[in-house]
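Q: I've just opened this one and would like a tour. Could you start with the charged pairs and go on from there?

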Amino acid sequence: LDTRQDAATSTVAALSRLRISTAVAVAASCRVSRSRPLGAARSLSAAATSLTESTSRHKIPARRQPSSSLVAGVGVSPSSSRCYYSTTAVASLASAMPENLTIDKRSTCSPFYGLEASSNNDDDKETKEPVEGDDEDDDSDDETSGNIDDNDDDEDDDVEDEGEEDDEWVEEAAANPLEPQYAVPLPDRLHMPIRNLPTSEEVGTIHLSSDVFGMDPIRPDLLHRVVIWQRNKKRGRRTAKTKTISEVSGSGKKVRNQKGGGVARAGHRRPAHWRGGAKAHGPKGSIQDYTTKINKKVRKLGLKHALSQKLKEGNLILLNDLVLDTHKTKNLVAIFDRYDIGGKYGASAFVLDDADDDNGVDLEDGEAVDVTPEYSIGGVNVNFKVACRNLYNVKVCNQIGGNVYDILKHEKLVMTLSAMKSLEERLSP
C-alpha cells in the first residue's frame, strides 16, 4: 500500500511543478470506481500531497483512527479501504467527486485526448521516501496485510497497472500540451490547391473569389433563415381531405336486428370505427401552406456564407474533374479513403460537378468529331454518379443544386473546377 501511495504522490508532485491543477492530476492519474476502492484512496492521497503545500491543516475529527501509515494527512486502512482526511480542501474534494467517476483517456472530453503514452518515463519519475510511522502501526499493518486473500492481491496488481498507465498519459500530457487550432487568415485562405481525384495529388493551385468564398465573419442567422426556408419549402402545401359519413360509399340500410343477435347494435355500414367507414375528425380540405418567403439576395448571401464556412473549416476539397474509368463502387471507395471520406468511420461529403452533357462528341464545321469520352448525365460524370449510388453518406449533384442545407449537413464539400467557376459567376455581384 505504501508503494502505491508513493507512486501517486510522486506523480502529483511532478505535475505541481509543471503548474497543472490538482483536479486534473487526480482525474488523469487515477480512475475512481466502486469496484476499485484502493484506486480511490490512492487518488485522494495524491490530491492531499499537492494540496497540503498551499493550504493550512485543519484537523477533522475522525470517528475511527486508521491502522495504516499516514501519507500527507490521508490514512488508508487495508481492511476497510476507507480514507481519513486531515485537510479541509481534501474533504471537500472527496465530497464533490462521485464514487463511480471514470475518466478514460480515449474520451474526447478528456484533457489528454489524442496523446500517445510514453514508454521511457521511468527516468523522469521521482521517488519519495515513505513517511515514517509508529512501530505499532507498522506491526498492525503487517498483521492485517497478512490476512489479505489472493483475490485482493490480484485486485491490487490491477490497480497498480492502471496507475502506471495513467502516469504515462499524465507525463505525456505535461510534456506535449495540445495547442489550439486556428483557421488560416484571409486572404491566404483563398489560395487553394487543386487535386487529382484518383491519386489525390496536387496538380495546381487557384485563388478563389473573395466575394464568394471570403465572407468574414460568418453569420449563423443567415444560415438559419435559409435552412428554415428550405425545409418549409420541401414540406410544401397540405390539401388533404377525408370523407365524412355522408360522403363515404356504403348503404344506409340497417345491418342487423336491433336485439336478439348477442352483438352490439348497429345501423348502417359507414361508422368511423368500422373497416371501410368514414374518418372521424379528419382534415376537411382546407389548404395549409407551410412555405415561407425569403428574399433572393438573402438566399444568395446564405449560400456564400455556407461556402465560406467550409473553406474556413478546411473541409473544402477542389478537384480538377470527376472522370473515372469504371462505375464500380469499390474503386471509388478506395479513392475516397485517400480523402478520409465514406466508409464506416469516414466523413460525409457533398459533391458538386458541372460537366458538359456533350457525351464525348464535338461539332466542327457541322460534323461530329469523337473526343475523349466523358459521358455525363445531369451535369455529373456518369461513372462517378453510378458509383456513388451505394454510398449512403455521399451525395452528388450539379452545382445548380448546391444549397445551404446539404452543405451544412455534410462534413466535406467536394467540387470540381467547373463547378467552382459556375458558382463564382452565379453568386458574384
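**Salt bridges and beyond**

A: Happy to. Glu313 and Lys310 form a salt bridge through their side chains, at 3.6 Å from N to O; the term means a side-chain nitrogen of Lys or Arg within 4 Å of a carboxyl oxygen of Asp or Glu. Keep in mind that this is a predicted model, in which local features need pLDDT of at least 70 and side-chain atom pairs count only at pLDDT 80 or more, while totals for chains, interfaces and linings use all residues. Residues are numbered from 1 along each chain as its sequence is written, and side-chain values use heavy atoms, with hydrogens and water left out.

Q: How are Glu313 and Lys310 placed in helix H9?

A: They are three residues apart in H9 (residues 296-313), so about one helical turn separates them. Helices here are DSSP runs of H or I with at least four residues, strands are E runs of at least two, and both are numbered from the N terminus.

Q: Is Lys310 buried or exposed?

A: Lys310 is buried, at a relative accessible area of 4%, whereas Glu313 is partly exposed at 39%. Buried means under 20% relative accessible area, exposed over 50%, and partly exposed in between, with a 1.4 Å probe and protein chains only.

Q: How many salt bridges does the structure hold?

A: Four. One of them joins Lys395 and Asp406, whose closest N and O atoms are 2.8 Å apart. That pair links distant parts of the chain, with Lys395 in strand E14 (residues 394-398) and Asp406 in helix H12, eleven residues apart. Lys395 is partly exposed at 36% relative accessibility, and Asp406 is buried at 8%.

Q: And what about Lys241 and Glu247?

A: Their side chains also meet in a salt bridge, at 3.3 Å from N to O. Glu247 counts as partly exposed, with 41% relative accessibility.

Q: Where is Lys241 found?

A: Lys241 sits in the loop between strand E6 (237-238) and strand E7 (288-289). Setting aside neighbours within four places in sequence, Lys241 is in contact with Glu247, Pro283, Lys284 and Gly285; contact means heavy atoms within 4.5 Å. Lys241 and Pro283 are 42 residues apart along the chain, yet their C-alpha atoms are separated by 5.0 Å.

Q: Changing topic: what do E4 and E5 form?

A: A hairpin, with six residues between the two strands. E4 (residues 191-195) and E5 (residues 202-207) pair in the antiparallel sense over five bridges; to pair, two strands need at least two bridges found by DSSP. Met192 stands opposite Ile206 in E5. Met192 and Ile194 make up the covered face of E4, while His191, Pro193 and Arg195 make up the uncovered one.

Q: What is phi of Ser200 like?

A: Ser200, in the loop between E4 and E5, has a positive phi near 60° and is not a glycine. Asp340 also has a positive phi near 60°, and Asp340 is found in the loop between helix H10 (329-337) and strand E9 (349-353). Most residues other than glycine have a negative phi, and most peptide bonds are trans.

Q: Speaking of peptide bonds, which residues does a cis one join?

A: Leu186 and Pro187 are joined by one, with omega at about 0°; Pro187 is in the loop between helix H6 (150-175) and E4. Asp216 and Pro217 are joined by a cis bond too, with omega about 5°, and Pro217 is in the loop between helix H7 (210-213) and helix H8 (220-235).

Q: Where in the chain is confidence lowest and highest?

A: Lowest in strand E1 (residues 70-71), with a mean of 38, and highest in helix H12 (residues 404-409), at 96. The chain's mean pLDDT is 74, and 56% of its residues reach 70 or more; pLDDT is the predictor's confidence in each residue, from 0 to 100. Residues 54-94 stay under 50, though the model has 74 contacts for them beyond four places in sequence. Where pLDDT is low, the predicted coordinates should not be read in detail.

Q: Last one: how many helices and strands are in the chain?

A: The chain has 13 helices and 15 strands. Of its 429 residues, 38% count as buried.
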